[in-house]
Amino acid sequence: MFGKRSSAKISIGDTVTTLGPQAEALSHASMPKSELLIEGPAASAEKLNESRRNDQHFELKKQIVATLLDMVDAAQLARLDAEQARREIGDIVSEIVTQKKVVLSTTEQNHLLQDVCNDVLGFGPLEPLLARDDIADIMVNGCERIFIEVGGKIRETDIRFRDNAQLLSVCQRIVSQVGRRVDESSPLCDARLADGSRVNIIAPPLAIDGPALTIRKFKKDKLTLDQLVRFGSISQTGAEILQIIGRVRCNVLISGGTGSGKTTLLNCLTGYIDDDERIITCEDAAELQLQQSHVVRLETRPPNLEGEGQITMRDLVRNCLRMRPERIIVGEVRGPEAFDLLQAMNTGHDGSMGTLHANTPREAISRLESMVMMGGIALPAKTLREMIVSSIDVIVQASRLRDGSRRITHITEVLGMEGDVPITQDLFVWETLGEDKNGRILGRHRSTGIGRPRFWDRAHYYGEEKRLAAALDAAELVAA
């Protein structure tokens, strides 16, 4: 069926290879090395045997994939659906295994077939990692070293690619799905997977030890504020106030460091936008998961080979102002588009939201000021700060603590100016109390006792003032 198959000859020797029980070894392939260390001589011997079986399986798979790629027509294979392609690959793999006289159990054959299908049709060794919903990040540092983040901690796995060529092939397969490319002439690329997971790739010659691939995974089930409460990221009363902030169309800036959960929190807040509002999202790589029916998703575009055709975030924000938006959601503010977003917030598009990198709410205001200046806009510093404080109503600070846990550490109002200095007011803060014997940080979310926040009148306009008062009263009782 595959053009090349009928004319190809299998010539892989007559050596009989026996691979012992590998099912357990394969199941451990994605586990961190630290979890595979077992004390005792017998355990060490078993670990050595398991490592040898893994190496034998790896070499066998490498030979089969190389032979398979010589035998099949990749273009015809790509036109088949997944099940048909799997059946065809299964037939060829069985033929190769028979010719090589390899003794495999049924379970081992199924594992081998799955690995080969992942190599040829999917993302190779990354497939089992992408299938795990408990992994937050996958970091590939060349073909030999793959790290994952689980539970806020980074661990190294025993998974590896055959070589850097296979890794680069997987990278190209990922970016081609969104119409982008990565090679020596264009070694930097941002992309996304079908599920919205964010991907960054940097290839040689910029990456010295082979392609570096970073995947920020998102859970299949969209997180909600209720789940964040159960995880301890925010208190119940704090979550109630965040719901009201999202409902009454406050302009919100979500601030935090890398991996602190900014995008997750933005997704949670957008869940409280009314379904009849027209929402336009602007992102570098589309990853927001809004549930409303009236949503227009926009995504930036890099330049082509000639250096032309680039569409920047600023271009998107400017254009969406002409699309009759009611709310503008910017996935990440990182440049001069900050000025256009502030203008939008000041001209009737209240309830707009965005995220940026900063360590505190006050630093977030300074970062906004710096990003506006990056666009070459020559405004006096006081005028620019007045524009910022009149545009932003609330700053929500997300942080990743040293034990790997994520917390919403501040819910802060922006009040106005006192001279040349922006004035802020904390409604909720996270207070660290210590740590337990396992190194887990202990603390609590507490109210600062503010009984009438600045957005009270806005809450009254939307009929949420009683709910807001009840949440603030409950927060004071909890803090007491």
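This is a predicted model: local features need pLDDT of at least 70, side-chain atom pairs count only at pLDDT 80 or more; totals for chains, interfaces and linings use all residues.

Me: Which residue forms a salt bridge with R181?
Reply: The closest N and O atoms of the pair are 3.2 Å apart.

Me: How many salt bridges does a search of the whole structure find?
Reply: Some of them join up: R249, E277, R327, D350, D393 and R458 are linked in a network. The search of the whole structure gives 27.

Me: How many residues apart in sequence are the parts tied together by R400 and E149?
Reply: The side chains of R400 and E149 meet in a salt bridge, at 3.5 Å from N to O. R400 lies in strand β14 (residues 394–400) and E149 in strand β4 (residues 145–150), so the pair ties together parts whose separation in sequence is 251 residues.

Me: Is E149 buried or exposed?
Reply: Buried means under 20% relative accessible area. E149 has a relative accessible area of 3%. Therefore E149 is buried.

Me: How does R400 count at 31% relative accessibility?
Reply: The range between 20% and 50% is the one that applies. At 31%, R400 therefore counts as partly exposed.

Me: With which residue in strand β15 does E149 form a pair that links distant parts of the chain?
Reply: E149 is in strand β4, and its partner is 257 residues apart from it. The closest N and O atoms of this salt bridge are 2.7 Å apart.

Me: Which residues have the most contacts inside the largest nonpolar core?
Reply: This core has 37 residues. Helix α9 (residues 236–247) gives the most to it, with 5 residues. Apart from it lies another core, of 32 residues, including C282 and L368. In the largest core, the residues asked for are L242, I245 and I411.

Me: Which residue stands opposite I411 in the pairing of β14 and β15?
Reply: β14 and β15 pair in the antiparallel sense over 7 bridges. I411 touches V394 and I395, among others. Its contacts also include L242, I245 and F428. The residue opposite I411 is V396.

Me: Which residue in the turn between β14 and β15 has a positive phi?
Reply: The two strands form a hairpin with 5 residues between them. The phi in question is about 95 degrees. The residue is G404.

Me: Which residue takes a positive phi in the hairpin of β15 and β16?
Reply: β15 and strand β16 (residues 421–435) pair in the antiparallel sense over 8 bridges. E418 stands opposite V421 in β16. The hairpin has 2 residues between the strands, and the phi is near 70 degrees. The residue is G419.

Me: What is the arrangement of the rings of Y461 and Y462?
Reply: The structure holds 1 aromatic pair. At 67% relative accessibility Y461 counts as exposed, and at 23% Y462 counts as partly exposed. The ring centres are 5.1 Å apart. The planes of Y461 and Y462 are at 85 degrees, and over 60 is the cut-off, so the pair is edge-to-face.

Definitions and conventions. Residues are numbered from 1 along each chain as its sequence is written. Side-chain values use heavy atoms; hydrogens and water are left out. A salt bridge is a side-chain nitrogen of Lys or Arg within 4 Å of a carboxyl oxygen of Asp or Glu. Helices (H or I, at least four residues) and strands (E, at least two) are DSSP runs, numbered from the N terminus. Buried means under 20% relative accessible area, exposed over 50%, partly exposed in between (1.4 Å probe, protein chains only). A nonpolar core is a set of buried Ala, Val, Leu, Ile, Met, Phe, Trp, Tyr and Cys residues joined through side-chain atoms within 4.5 Å. Contact means heavy atoms within 4.5 Å. Rings of Phe, Tyr and Trp (its six-membered ring) pair if their centres lie within 6.5 Å; planes under 30 degrees apart count as stacked, over 60 as edge-to-face and the rest as tilted. Two strands pair if DSSP finds at least two bridges between them. Lists of a residue's contacts leave out its neighbours within four places in sequence.
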